[in-house]
Amino acid sequence: MTIRVGLIGYGLSGKVFHAPLIQRVKGLELAAVVSSNPDKVLRDLPDVEVFSTTDQLLERKDIELVVIATPNTLHHPYAKAAITAGKHVVVEKPFTITTEEADELIDLAQQHRVLLSVYHNRRWDNDFLTVRRLIESGYLGELALYEAHYDRYRPQVRDRWREHDIPGAGTLYDLGSHLIDQALVLFGPPWTVWADLAAQRKGAQTVDYSHLVLDYGRLKVVLHSGSLVRGEGPRFQIHGEKGSFIKYGLDPQEDQLKQGMAPGDQGYGVGQKEYDGELTVELGGLSVKGRVETLPGTYHAYYEGIAEAIRSEKPAPVTAEEARDVIKVIECAIRSHREKRVVSFK
């Protein structure tokens, strides 16, 4: 039976990251969108119904799943309203602004017996899928250092909510939440968090540089994001007792979706061969270097998992509790920077 989906918000997130994937996943139907710009929606999605308010959407009994792709400050109130209306809910990352808000939504979803998940799509980046498989293979041995970067060159501060001085804005909540979620998937909650945060660009009102160190004892995890990085550095550097892996290049799916490609199209999710990572290991007493073919990216796997979780009552592909821990790391990072000290995660 098809799950009818209502999408709240049709900015970059709704238009690029949600609508195309929902449309390509078997068992899901994008039936309605809440937007202040109906013409924009109907140009892309002529068969959907467009509402001007969230309340109109939530009153529809045939809508089972609500996807919230709004500015971060609206995640909590819209998710709360949707859960109370008995809808399953997907929230764009970051989940909420605070762990207190996240815990409230988790409790509410349990009370109403609905699914609550967060769209941490970069678990399905082509580079991270490759890194995850390589680590799980054991070729690198016990890890000593995991370093992940999400850098960009955006020297101009733009007039948009993500760059305004409001709660939940800035790159720590934006790019940082991706890096943090990936680290938690691989290694679980850290022992401690240390962070250095800054607004480096001229006129910046919020964080556009972040450097986090998550401590796992012997293993150190470094998560870095900058907005004044013109020259490309490695996306991943991973070093273990048996070997190292260095990976350049960014997953292509965002650009492909912006260009109108979608899952199932030829070449979707496939990166450039020159960005295949380099593995250095010791085999039989010999030091061996070689390229590791990058796995294809699969953002649609998230929504396939959502459809299965709703119909089969299996766990969501990203649980609300996992997404709440991302917010907790962000809160620890903010506290660490403010107090100039290492902060315990527990």
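A crossing of two helices is called right-handed if the near helix is turned clockwise from the far one by less than a right angle, and left-handed if the turn is anticlockwise. With that in mind, and remembering that this is a predicted model, you can turn to helix H6, which passes helix H7 in a right-handed crossing.

Two packed helices are described by the angle between their axes and the distance between the axes. For helix H6, residues 126–137, and helix H7, residues 175–187, the angle is about 20° and the axes lie 11 Å apart. That angle makes H6 roughly parallel to H7, because angles under 35 degrees count as roughly parallel. On the side of H6, the residues that take part in the contact are Phe128, Val131, Arg132 and Ile135, and they meet Gln182, Val185, Leu186 and Phe187 of H7. Sorted by class, this contact holds six nonpolar residues, one polar residue and one charged residue.

A second pair is formed by helices H5 and H10, which pack at an angle of about 170° with their axes 9 Å apart. H5 is therefore roughly antiparallel to H10, since angles over 145 degrees are counted in that way. Here Thr99, Ala102, Asp103, Ile106 and Gln110 in H5 meet Ala320, Glu321, Arg324, Ile327, Lys328 and Glu331 in H10. The residues of this contact divide into four nonpolar, two polar and five charged.

An α-helix has 3.6 residues a turn, so residues three or four places apart point the same way. With this in mind, you may look at the buried residues of H5, which are Thr99, Ala102, Leu105, Ile106, Leu108 and Ala109. They pack against helix H4 (75–84), strand S6 and H10.

Helix H10, residues 320–339, has 20 residues and reaches 29 Å from its first C-alpha to its last, close to the 28 Å expected. Its buried residues include Ala323, Val326, Ile327, Ile330 and Ala333, and among them are also Arg324 and Asp325. The buried residues of H10 pack against helices H5 and H7, and also against strands S6, S8, S9 and S15.

Which residues, then, take a positive phi just after these helices? Just after H5, it is Arg113, with a value of about 55°, and just after H10, it is Lys340, again with a value of about 55°. Arg113 lies in the loop between H5 and S6, while Lys340 lies in the loop between H10 and S15. In each case the positive value is found in a residue other than glycine. Arg113 is exposed, with a relative accessible area of 75%, and Lys340, at 61% relative accessibility, counts as exposed as well.

Pro94 is found in the loop between strand S5 (88–92) and H5.

Technical notes: Residues numbered from 1 in each chain as written. Predicted model: local features only at pLDDT ≥ 70, side-chain atom pairs only at ≥ 80, totals over all residues. Heavy atoms only, no water. Axes fitted to C-alpha atoms, helices over the stretch in contact; angles between N-to-C directions. Helix = DSSP H or I, 4+ residues; strand = E, 2+ residues; numbered from the N terminus. Parallel < 35°, antiparallel > 145°, perpendicular 65-115°, else oblique. Contact = heavy atoms within 4.5 Å. Nonpolar A, V, L, I, M, F, W, Y, C, P; charged D, E, K, R; others polar. Expected span 1.5 Å × (residues − 1). Buried < 20%, exposed > 50% of the residue type's maximum accessible area, 1.4 Å probe, protein only.
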